[in-house]
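Let's take a walk through this model together. Have the viewer open and follow along.

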Amino acid sequence: MSDQFFFTGLSEELAVCARCGYCLSVCPTYQGVGWESASPRARIRLADQLHTDGQHGADTLGMLRLYQCTLCSRCTQVCPLGIDLRQVWLAARQEATSYDVAPAELKQMWQAISTQSNVFDLPNEERSEWLLYMDDAPEDIDQREQAEVIYFVGCVSSFSPAAQPITEAFTRVMAAAKLDFAIMGEAERCCGYPLIAAGMTAEAEMLRQHNVAAVRAMDAQMVVFNCPSCALTWQEFYAPDLPGIQFRHAVELLADLIKSGRLTLDEQSLTVTYHDPCDLGRNSQVYDAPRRVLTAIPGLRLVEALENRDRGLCCGGGGDLEMTYPALAAHVAARALNTLTVPGVEAIVTACPQCVRMFQSAAEDEGKPVEVLDVVQIIDRALT
Ligand code: SF4
Ligand code: SF4
């Protein structure tokens, strides 16, 4: 197994848990199921059994509940004993994989990534097909051999029809700022996040090695992402092998471009609320940049959500939950959406293609006529 991804210290973390239950009150999936057996406290017990009893522990009834978690880190944030629960869940899933506990859906996902290099099980040559939908696509950005900035698009933004408008908007915005940028085209492979979340870290290591080599070959100074999970994965696991290269999420890049005057913005008369994606907010600590970007738009009014910044609610789309327990993921999304749709708010804005997908589906299911947008789409609309 790769050292790059291996999570250590599991036994120490598990021994510390006082079973106090503070984590229950904030866990979105526990609140969606409502049984103690689906709580983070019960998952701690499962992780302990798995770690202590090996195969015998892996055979414990209910072990699949390890996967009823979005890796949102809300529990980590409230744990009075400071247990890094996200690391515990990742380590437990890694151990579960070694005992073949992983749900069938995750094995199918592994199969798709192994054969097609993307989570959608589509030919990887189609990774840049979203460019065909653009009238104003910058020429040859998928053919260039060298660029100062590489836009790592990611699987969701490349293949999901719900996310492709975000990808197109971000591309237009970077072109408007006259950045010297390119995408990797079919040389791009999944960043490995879905596999790491599934505990399949050895498989993720192969993707990491490929993507690192591809970036080195393009001699870039910066890699940018509009997917927070891709950005987090690169920051956590790729950065040590790419010294001197900056990794920026789209909102951080946009904040810099606006500040330096490379983007000028027209008035947008709109009242919005901002949803903090878990992998951008709690898991990467990026809270100010998206707010700086939104409040730089003349005429735009930002109303803070009731639960914001480090208390932001999870959209249900993380931790592979949408693959394994789609009804539970949809329930988590609907609950967050209901908190975000307050009177006067015309659009929910976030900075993650997966959050946009989850909230758009929830708005449709719940019959809520609210627009769900990514920050880059608002900036694209405001370009002068
Ligand atoms: S809040 Fe921390 S100590 Fe309390 S039950 Fe949850 S993990 Fe254990
Ligand atoms: S990471 Fe989120 S979903 Fe998972 S146990 Fe913690 S609070 Fe619950």
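Predicted model: local features only at pLDDT ≥ 70, side-chain atom pairs only at ≥ 80, totals over all residues.

Residues are numbered from 1 along each chain as its sequence is written, chains are lettered from A and ligands numbered from 1 in the order in which they are written, and side-chain values use heavy atoms, leaving out hydrogens and water.

Start with helix H5, residues 85–98. Helices here are DSSP runs of H or I with at least four residues, strands are E runs of at least two, and both are numbered from the N terminus. Among the buried ones are Trp89, Leu90 and Arg93. The buried residues pack against H1, H3, H4, H9, H10 and H11, with contact meaning heavy atoms within 4.5 Å. Just past H5, aspartate 100 takes a positive phi of about 60°.

Now find the open sheet: four strands in the order S6-S5-S7-S8, paired in parallel. Strands S6 (300–302) and S8 (371–374) stand at the edges with a single partner each, so one side of each has no neighbour in the sheet. From one strand to the next, the twist averages 35°. Two strands pair if DSSP finds at least two bridges between them; S5 (270–274) and S7 (347–350) have three, and valine 272 stands opposite alanine 347 in S7. Lying across S5, S6, S7 and S8 is helix H17 (375–382), which runs at about 85° to S8. Axes are lines fitted to C-alpha atoms, for helices over the stretch in contact, and angles run from 0 to 180 degrees between N-to-C directions.

Serine 117 sits in the loop between H6 and S1, and counts as buried because its relative accessible area is 13%. Setting aside residues up to four places away in sequence, serine 117 touches Ala112, Asn124, Arg127, Arg189 and Cys190. Phenylalanine 247, in strand S4, is buried too, at 10%. Its contacts beyond four places in sequence include Phe225 and Trp234.

Notes. Expected span 1.5 Å × (residues − 1). Buried < 20%, exposed > 50% of the residue type's maximum accessible area, 1.4 Å probe, protein only.
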